[in-house]
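I opened this one to see how the chain is put together.

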Amino acid sequence: MAKTITVLKTITVLNGPNLNLLGTREPEVYGTQTLLDIETKLRTHAKTHGLGINFHQSNIEGELVGWVQDAGMADQGIIINAAAYTHTSVALHDAIAAIQIPVVEVHLSNIYAREDYRHHSYISGVAVGVICGFGAQGYLLALDAIASMLADKKQI
Ligand code: CA2
């Protein structure tokens, strides 16, 4: 009898510079959860949607660009908190514009309630949506949004 192989759909989650410090400094702005806490919760939550997670953090812009390109060829969606590169990176903008899968931009803090230089994002214009101000919960909301988009696509 022929075997059925189910290939797990995967979402890449990208975290930009200094997010490796989460939970250790500025808890009043970024909360008390570490990036590992967020990763663990996302992996558990992804299972409930039947999805897998590729989770990365880098302080190097080009590394993030490379992961966007890889995900565009292999995964079903991207959740990205580009951190400070949000406000500076044409390279990330161009990488996201070049792929076909949905990208959801996430920020822990409400960037619009902070300094003016955080109000502009190079990511937002090429993302399907933006979630900010809900702390670590924003990553789970982004996952729900992508899962819902993938479920809708299946019905078409
Ligand atoms: O609110 C967010 O998620 C941000 O993307 C965080 C970035 C900031 O540049 C963006 O404007 C908004 C900063 C991430 C730095 O993370 C730290 C965490 C703990 C201690 C120090 C920095």
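**Ground rules.** I count two strands as paired if DSSP finds at least two bridges between them. Helices (H or I, at least four residues) and strands (E, at least two) are DSSP runs, numbered from the N terminus. I kept in mind that this is a predicted model, where local features need pLDDT of at least 70, side-chain atom pairs count only at pLDDT 80 or more, and totals for chains, interfaces and linings use all residues. Residues are numbered from 1 along each chain as its sequence is written, and side-chain values use heavy atoms, with hydrogens and water left out.

**Entry 1: the sheet.** I looked up the strand order and found an open sheet of five strands, β2-β1-β3-β4-β5, with parallel pairing. Its edges are β2 (51-57) and β5 (129-132), each of which pairs on one side only. From one strand to the next, the twist averages 20°, with axes taken as lines fitted to C-alpha atoms (for helices over the stretch in contact) and angles running from 0 to 180 degrees between N-to-C directions. A reminder to myself: strands of a sheet pair through backbone hydrogen bonds, either parallel or antiparallel.

Next I went through the pairs.
- β1 and β3 are parallel and share five bridges; here I11 has G77 of β3 as its bridge partner.
- β3 and β4 are parallel and share three bridges; I80 stands opposite E105 in β4.
- β4 (residues 103-107) and β5 run parallel and are joined by four bridges; V104 stands opposite G129 in β5.

**Entry 2: how covered is β3?** I use buried for under 20% relative accessible area, exposed for over 50% and partly exposed for in between (1.4 Å probe, protein chains only). By that count, five of the five residues in β3 are buried. In a regular strand the side chains alternate between the two faces of the sheet. I checked both faces of β3: G77, I79 and N81 are buried on one side, and I78 and I80 are buried on the other.

**Entry 3: a helix and a β1 residue.** Helix α3 (residues 61-74) lies across β1 (9-15), β2 and β3 (77-81), and runs at about 170° to β1. For contact I ask for heavy atoms within 4.5 Å. In strand β1 I picked L14, which counts as buried because its relative accessibility is 0%. Leaving aside neighbours within four places in sequence, L14 is in contact with H56, L64, W67, V68, I78, I79, I80 and N81. L14 and A82 are 68 residues apart in sequence, yet 7.1 Å apart in space, C-alpha to C-alpha.

**Entry 4: Y139.** Is Y139 buried or exposed? It is buried, because its relative accessibility is 0%. Y139 sits in helix α5 (residues 137-155). Not counting residues up to four places away in sequence, Y139 touches V13, N15, L19, I38, L42, I79, N81, V106 and L108.

**Entry 5: the largest pocket.** I needed the terms first. On a 1 Å grid over the protein atoms alone, a pocket is an open set of points where a 1.4 Å probe fits, with protein on both sides within 12 Å along at least five of seven lines; lining residues have an atom within 4 Å of a point. Grid points are joined across faces, edges and corners, and the volume is the space filled by probe spheres set on the points.

The largest pocket comes out at about 380 Å³. Its lining has 18 residues, and P17, N18, L19, Y30 and A83 lie nearest the centre. By class I get nine nonpolar, five polar and four charged, where Ala, Val, Leu, Ile, Met, Phe, Trp, Tyr, Cys and Pro count as nonpolar, Asp, Glu, Lys and Arg as charged, and the others, Gly among them, as polar.

**Entry 6: two positive phi values.** Most residues other than glycine have a negative phi. N18 has a positive phi of about 75°; its place is the loop between β1 and α1 (27-30), and at 48% relative accessible area N18 is partly exposed. A83 has a phi near 50°, also positive; A83 lies in the loop between β3 and α4 (90-97) and counts as buried at 15%.

**Entry 7: two last look-ups.** R118 belongs to the loop between β4 and β5 and is buried at 16%. I5, in the segment before β1, is exposed at 72%.
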